[in-house]
Amino acid sequence: MDVKRVKGIVVALVVLAVALVFILRDREPPAEIPEGGVVGEEIGRGIQSITLVFADRSASGMVEESREIAVPQDRAGRAKRVLEELAAGPEGSGVRTLPHGTRVLSVFFDDRGGVFVDFSRELVDNHPGGSTGELFTIQSVVQTLAANFADVESVRFLVEGGEIETIAGHIDATVPFLVGNYR
Amino acid sequence: MMRRSGVAAAVVLFALVVASPSARAGSLLVDFSDARPAARVETKQLDGVTYVRLADLARGVGGARHWNPKTGKLTLAVGTHRIGISSDNPFATLDQEVRNLGRPVWLSEGTFWVPQSFIESVLGPAVNSDVSWHPDARTFTFTRLGPVVTSIQLETRQEGTAIVLGLNELADFVAESAERGAVEVLVTGGRLVDSLAILEGEGLVASVIVSQADEGVRADIAAAPEATSFEAELYHDPYRIEILVRSSHDAPFMAPELRGRQGLLPEGRNVLGSWGTDVETVMIDPGHGGRDQGASGPAGSVEKNAMLALARELSRALQREGFYVFMTRSSDSYVPLDRRAELSNLAAADVFLSLQCDAWYSRSATGFRVAYHAPAPPRWRAHGRSRGAGLRYVESAGASAGGVLEWDHVQDAFRDESERLAALVHDSMADDLDVADRGVAARNLAVLAGCAMPAILIETGFISNGADEARLADEGFRRSVAEAIARGVAEYRRTLTGRD
């Protein structure tokens, strides 16, 4: 094996190691207790009781539903799983609030109590419309996140990574939805 | 030696100066009536006929020459016209037409010379000009001819009646209405080749008479009594001017002076300060439209259509109450949300009413609701966005003390009035309509955010509910809803001005 080749491998390994350090540095350590406090009770390893907020049948209020699901350890991953359960629709008496086919692409927590939720196009494309319908979609997401993550103050909706003006033409979605306004 | 050469030079110079006028070469002038500079064109006499140098003419009219050595043909491109000549050939082509020049084109030492008649018979028409010859000044004067009004046609459309004036080229025009029912359109510098008139009109147009005036071609349009506004626009392909006459029966979209161009904004007017003296003008905003269908019902009703039908009914009801009415759309067209608010601001409307349908997954949800704007929470962004022209408008209007108001916070200043208006319209609807009452709500509604006047959004029912959908499709019910809303707005006017 010639010297040049060995040198090349060493350089590549160093670069890889540095890159790994940088990548891992931004990750939450897996064993750490989740910050912000999980409201739901931890039942066994990785299984947690979560609260989902749906609308009622007469479109006059919200109904809560509890579920026990396996959740990832990191907060963003957990929030994504919770919202995926919400998107799947109710098992009880409630009415779905996220349009059929809506996927949760990613969830991001900032350090000021803000949550950014990136939905797939179906959120807008399949929405039934109406300002009440829009309000329930927002309320159910905001309240669900607030019920499961104690420090959430506001929620921003994104679609396919971009900002949207409204979900169905009524409620201004260019600003964050404050938890206090959507109780 | 020196002296000799000096004398020789003087002789040559003398010969040049004195001899040139008597030489066969000369020149003439081509003068243009517009801003183009006059062109000096070299001439030569050949067998008693004056020939002019084509290159000089081409330069004068701004034409481009293309020489094809294979065919021996030279093409001169002037604007969209093509002139073709070839040496020793007395015929020239202008586009598809052949013109006889009387004498053959002469090619001498690589330069094309054409008989003088070429200027009048070929070049003049190619640049749409009249040509006259002034022998004393040895000058051809080109006078540009104006656009020709070639045709006139009436078209009945959904939005009104359109008068289409056909043109042979682009033209400037002015359209104005000095008195009610009469619109005068002047095609500046235009020419009329055949007389044009429509004496028996249709729709909103009673007659159109087109005549030649000194300033150009004039079209006098007599509108039907129910016509209330018009719009005039120039179009390409084919060139034409369309004058659309509208009627308030359909609810006018915008008076012509309110077409929403930035330049038409009242200079220095304070939008916030302008409101509050009276309630005269109402802007109706039929929700959704065009590619934005809105919600839809189990029987297939679509919100955008249902709301346009209701808006027309409401327009009539409000006019009966003595209001002047505008609509953000009067056809099935897409209007962005901030544009709706902007239109209302431009129209200086005193009240903004957005008409909507609610919808929900559960078909049992039913009833109407009236909403007003809940102020938006503070922004996270470091810099507020300047969405749409609403911000420009507020800026240009001077806004509130000390600067720019974020356009989507304009409505915050009207929150109390909007809440009061919402309550009065709600009460009137609750009294008159036998439908479920969902009350009054404050919501962060994008369409209301930029409105510089009391503004509400009326959810007229759940289109997703079979019974609500059927009611909204019923003309009698729509009229009841329209009348209830109109009474609510009239009541609001009474509380504000003490006037019925």
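How many salt bridges are there between chain B and chain A? The count is zero, taking a salt bridge to be a side-chain nitrogen of Lys or Arg within 4 Å of a carboxyl oxygen of Asp or Glu. Keep that in mind as you look around.

Before you click, some housekeeping: this is a predicted model, where local features need pLDDT of at least 70 and side-chain atom pairs count only at pLDDT 80 or more, while totals for chains, interfaces and linings use all residues. Residues are numbered from 1 along each chain as its sequence is written, chains are lettered from A and ligands numbered from 1 in the order in which they are written, and side-chain values use heavy atoms, with hydrogens and water left out.

**Stop 1: where the chains meet**

Color chain A and chain B separately. Chain B brings 33 residues to the contact and chain A brings 40; contact here means heavy atoms within 4.5 Å. Between them the two chains bury about 2700 Å², with 54% of it on carbon and sulfur atoms. That buried area is the accessible area (1.4 Å probe) that two parts lose on being put together, summed over both. There are also 13 residue pairs in polar contact between chain B and chain A, both residues at pLDDT 80 or more. A polar contact is a pair of N or O atoms within 3.5 Å; within protein, one must be able to donate a hydrogen and the other to accept it, and residues adjacent in sequence count only if both atoms are side-chain atoms.

Now select these pieces of chain B: α6 (337-346), β25 (351-358), β27 (437-443), α9 (446-449) and β28 (455-462). Each supplies at least two residues of the side that touches chain A. Helices (H or I, at least four residues) and strands (E, at least two) are DSSP runs, numbered from the N terminus.

**Stop 2: a valine in chain A**

Select V63(A), in strand β2 (residues 62-70) of chain A. Is V63(A) buried, partly exposed or exposed? V63(A) counts as partly exposed because its relative accessibility is 24%; buried means under 20% relative accessible area, exposed over 50%, and partly exposed in between (1.4 Å probe, protein chains only). Leaving out residues up to four places away in sequence, V63(A) touches L52(A), V53(A), F54(A), A55(A), D56(A) and G94(A). Show V95(A) too: V63(A) and V95(A) are 32 residues apart in sequence, yet 8.6 Å apart in space, C-alpha to C-alpha.

**Stop 3: charged pairs**

Over all chains, the count comes to 30 salt bridges. Go to helix α2 (residues 75-88) of chain A, where K80(A) and E84(A) sit four residues apart, about one turn of the helix. Their side chains meet in a salt bridge at 3.0 Å, N to O.

Next, pick R156(A) and E163(A), another salt bridge with its closest N and O atoms 3.0 Å apart. R156(A) is buried at 6% relative accessible area, whereas E163(A) is partly exposed at 36%.

Hop to chain B for R479(B) and E475(B), both in helix α11 (residues 475-497). Their salt bridge spans 3.3 Å, N to O.

**Last stop: cysteines**

Select C357(B) and C451(B). C357(B) is buried, with 0% relative accessibility, and C451(B) is buried at 0% as well.
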